[in-house]
Amino acid sequence: MIKRERILFIALLLIVLGWVGCTNSTDSYETVEVDETFAEDLDGMIRVFSTGKQVLLGTNDSTASADERPQMKVLFDYDFSIGQHEVTCGEFNNLVPEKTGLSLDCDDKQLPATNVTFYDAVIYANALSKKNGLDTAYSYTRMSFDQDHHCLNLEGFVFHPNVEAYRLPTEMEWVFSANKFWDVENDWLSHNSGYEVHQVCSVKSSVEKSEICDMTGNVMEWVNDWSGTFYDLTLTNYVGPPDGGTLDKRILKGGSYRRAKDSVSLYRRGDVHLVNSTVHTDYLGFRLAYGKIPNAIWVDNDGHVLTSHLVSMANSQTLNTFVETSKAKLVFRNDDSGNLVLIDYSTGYQKIHEILDTLDVFYPDVSPNGSLVAFSTAAEGNLRASSLYVRSIDPVSSNVVKLNVPGAAMPHWRVLDNGDTVIVYVTGYDGGKDEDDFAQGSTWQVKFEKGEFGKPQKIFDRPYHGGISTDGRLAVTGSGRLHARVNGRDTVWYDSMLVSNVRLSKSDENRTMFLDFAAKTGLDFAGMDYDAKTMLLVVDSTGTLVQSVRAPKGYAFDHLGWATRYMALVTLTNDSGSHFQIALLNLVNGSVIPLVEGNELWHPCLWVKKEMWSIDESLNVDSAGVYYTAAGGESAIIMRYKMELLWKYKDSANVVFMGSSRTLAALNPEKMSSSFYAINLSSAPTNVYADIPFLENYILPHVKNLKYLVVGLDIDFWWKSYDIDNFFASEYQKYPGYVYDENHGYWEKGAPAGIYELAHSSLGMLVYEKNLMPHRGFQESNCLGWGEGAFVDHDSTWYEANPQLFYDSFNQLKTILEMAKNREIFVIGVIFPQSPGYQNSGSFGRYGLQRSVAPSLISEIKNLSKTYSNFILLDENKMGNHDYDEGTALNWDHLCTKGAEKLTARVDSLLQTLE
């Protein structure tokens, strides 16, 4: 279960999630008279007459999060319906269990359905549509669940706004509806809820028939949109960005029974932690909307308005199943726009990058190292007008290099025997079926090194753009007929029948795939009738037919390529001729695995990285080192990189930092002096219970030179019980790497060869890799200051209500001290500084603990050094009377990079005294 601890990842994310100020003002929102706009509708729904009206999303308040600015005007040209209240636990359980097995705990059937992921809510919406004989607003190809039957992923997920069905409300629909019924004084928030969820529509003794309940409080609510960037635009029928960006981020609206009045606003879009589609917690629910959205508009994170969008149909984990690695990149041409499109599966999310520039992109091909893409600027039939370019595959790079050769076209990369990387291309040819035209062309290669082209060299006459074998003895092309160059001699295969899309395999088998136009030769070999381009054919290195694979019924093939030895990359066309899908085609059984869908997808190229390591042959590479899978939560993705750090530095580290996001942001291993080699293995969200299995099973057995353990003591978190934010309580079982380690005794006799390499190559998320790995696990962050006042995000009286919670965590600390003492390891317990503003509140810190009791509890912790001589308390909070100024803080309870330098230096000085 994911709770309320702030997660630190990248500076942008920290700004996006930073609660550095808020307002309850609704002055900028259109006020709508209820009797003109809202009325009874379907059972449990309120009809919203929004046609011709507008609402403002976001704010211009400079203290708001980055994804909440600037304010954006959105207009309606349709009406819709929205749930009068949040979907109840009883309603959810009446529909969903038979679909997925998920049954929510219901103390009261009239309580909101909570502890549901975004995809759980989608499944409910689809189920309600089907129950009422409707088409569904959402489609997908495959479902993935955790052990509790929560849906963690709907692969191939597509939202169909033009379908009349039940669905989640868009953000603009939610805000428009909530505007009239926004009520911070009376809705269930922390000041009046007793920190408990309440029955829906119970905030008042009676509810008018046209009133929408609980928009401000009770539970936060999923909406339909991905989270993205607002722009100073006016849009009609806005449905958000086309995807979740680099963080797979979703939007939550409204407040909850746990939130304070001054922390909720109509423009707020999230929680205090990163929210992706897999989050589920006891203060998060949803309500439904109903109706289609005509002429829906998406806006990508570059501010481009889209009336349709590309949809990724497969995640990294699925791709790994078929190509045996998640280190893969798909590039292709979006023929609607002429742009290059990239999906980088190694990043762990399926963001589709459309690289916008002034160049038309045809026949893109990825370099052997996966960092560059070569392309030409004209299609078959106009190749003499083509130019050849190379650019970085990084979507934000503007580095584009042109080859100064006229008519260079249809490039593909090749590594020569001497190790040089070259680009093979053709000239003097327009790609038609005329043999005379073909005879005028030629094949060239040019070296590309350090961002520059070398001198082009002619390889041979005639344009062989279908591929050249590794040894150079075979070249093929599909210029009308299946031309082959074998040992320096030109010939024609396949009985001189017309063919297209000829591609030579990259393996030593030198097989060639192609399409034909239902020639007799192909019909006889296949033993069945078929139409043009509906049968993929394969010949061996002698031109002999060896295989035929038919397209799915109703579709044809185009734009072929090799993915692996037994997998082809194809574009599928439908009856109207639209190139609507790029897919993997299993050449053994003919099954199709969709990768991406759109309107016109051309010229796909799939780059697959093959790793060469020395690993223990007994290791199961499908499990060993796999510490994360698609749709994993926040703690899982952070822990995945912490495990990589552990295996990488296990023989060199003598200092380990452990703790929560505060430790993550406050202790920088690279700022320690040369006497110490530290790694930061902190995670988030977490609790002190999670430290013990991590220590016992991984850190103490494998970090052989460990001398100092620096542990964050977040005593305001010590209300957490064993199963709250403890990754090692149960969540670790979702990820095969941990289970594999457990089944092998956590490698007590020594880590096997290759475990680091397998962890390094396993599925992750690039944005986390870039921000956790460079500084050995430390997370850099911007210095935004402590913020105004002192925000309290939990009941500060929790200790008074149940002091045993504190002492349960206190005893976990004692267990850590005992484990370390037995290994002669010093433990430094750090209480991190929080905002000085807490001195003027009744709370010790952000998550409570009454200030009146905190000093005596800290004294008890300090006194542990009398029993454990290996323990030292470093109190950098000093009840708020510390010397960390505004320039050292990220927010109320986290230091920024500058503050981390200061605190790390103090830890270093302390350790120096122990040397």
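Me: Why is the disulfide of cysteine 201 and cysteine 213 called right-handed?

Reply: In this predicted model, the torsion about the S-S bond of cysteine 201 and cysteine 213 is about 95°, and the disulfide is therefore right-handed. The two cysteines link distant parts of the chain, with both cysteine 201 and cysteine 213 in the loop between helix H7 (190-193) and strand E11 (220-226), 12 residues apart.

Me: Is cysteine 201 buried or exposed, and how do you know?

Reply: Cysteine 201 has a relative accessibility of 18%, and since buried means under 20%, cysteine 201 counts as buried. Cysteine 213, with a relative accessible area of 5%, is buried by the same cut-off.

Me: Why is the disulfide of cysteine 89 and cysteine 106 called left-handed?

Reply: The torsion about the S-S bond of cysteine 89 and cysteine 106 is about -105°, so this disulfide is left-handed. The pair links cysteine 89 in helix H3 (residues 89-95) to cysteine 106 in the loop between helix H4 (97-100) and helix H5 (118-131), 17 residues apart.

Me: How do you know that the disulfide of cysteine 783 and cysteine 896 ties together parts that are apart in sequence?

Reply: With 85° about the S-S bond, the link of cysteine 783 and cysteine 896 is right-handed. Cysteine 783 lies in the loop between helix H16 (766-772) and helix H17 (798-801), and cysteine 896 lies in the loop between strand E50 (894-895) and helix H21 (897-914), so the pair ties together parts that are 113 residues apart in sequence. Cysteine 783 counts as partly exposed at 38% relative accessibility, whereas cysteine 896 is buried, with a relative accessible area of 0%.

Me: Why is cysteine 151 in no disulfide?

Reply: The nearest cysteine sulfur to that of cysteine 151 belongs to cysteine 89 and is 18 Å away, and because a disulfide needs sulfur atoms within 2.5 Å, cysteine 151 is in no disulfide. Cysteine 151 is buried, with a relative accessible area of 0%.

Me: What makes the pair of phenylalanine 76 and phenylalanine 80 stacked?

Reply: A search of the whole structure finds 49 aromatic pairs. The ring centres of phenylalanine 76 and phenylalanine 80 are 5.8 Å apart, with their planes at 15°; since pairing needs centres within 6.5 Å and stacking needs planes under 30 degrees apart, the pair is stacked. Phenylalanine 76 is buried with a relative accessible area of 3%, and phenylalanine 80 is buried at 0%.

The rings of tyrosine 138 and phenylalanine 157 have their centres 5.5 Å apart and their planes at 20°, so this pair is stacked as well. That pair links tyrosine 138 in strand E6 (residues 138-139) to phenylalanine 157 in the loop between strand E8 (151-155) and strand E9 (158-159), 19 residues apart.

Me: Why is strand E34 (residues 512-516) called largely enclosed by the rest of the structure?

Reply: In strand E34, 5 of the 5 residues are buried, so the strand is largely enclosed by the rest of the structure. Both faces are covered, with Thr512, Phe514 and Asp516 buried on one side and Met513 and Leu515 buried on the other. Strand E33 (residues 489-504) is joined to E34 by 4 bridges and runs antiparallel to it, while E34 and strand E35 (residues 535-539) also pair in the antiparallel sense over 4 bridges.

Technical notes: Residues are numbered from 1 along each chain as its sequence is written. This is a predicted model: local features need pLDDT of at least 70, side-chain atom pairs count only at pLDDT 80 or more; totals for chains, interfaces and linings use all residues. Side-chain values use heavy atoms; hydrogens and water are left out. Rings of Phe, Tyr and Trp (its six-membered ring) pair if their centres lie within 6.5 Å; planes under 30 degrees apart count as stacked, over 60 as edge-to-face and the rest as tilted. Buried means under 20% relative accessible area, exposed over 50%, partly exposed in between (1.4 Å probe, protein chains only). Two strands pair if DSSP finds at least two bridges between them.
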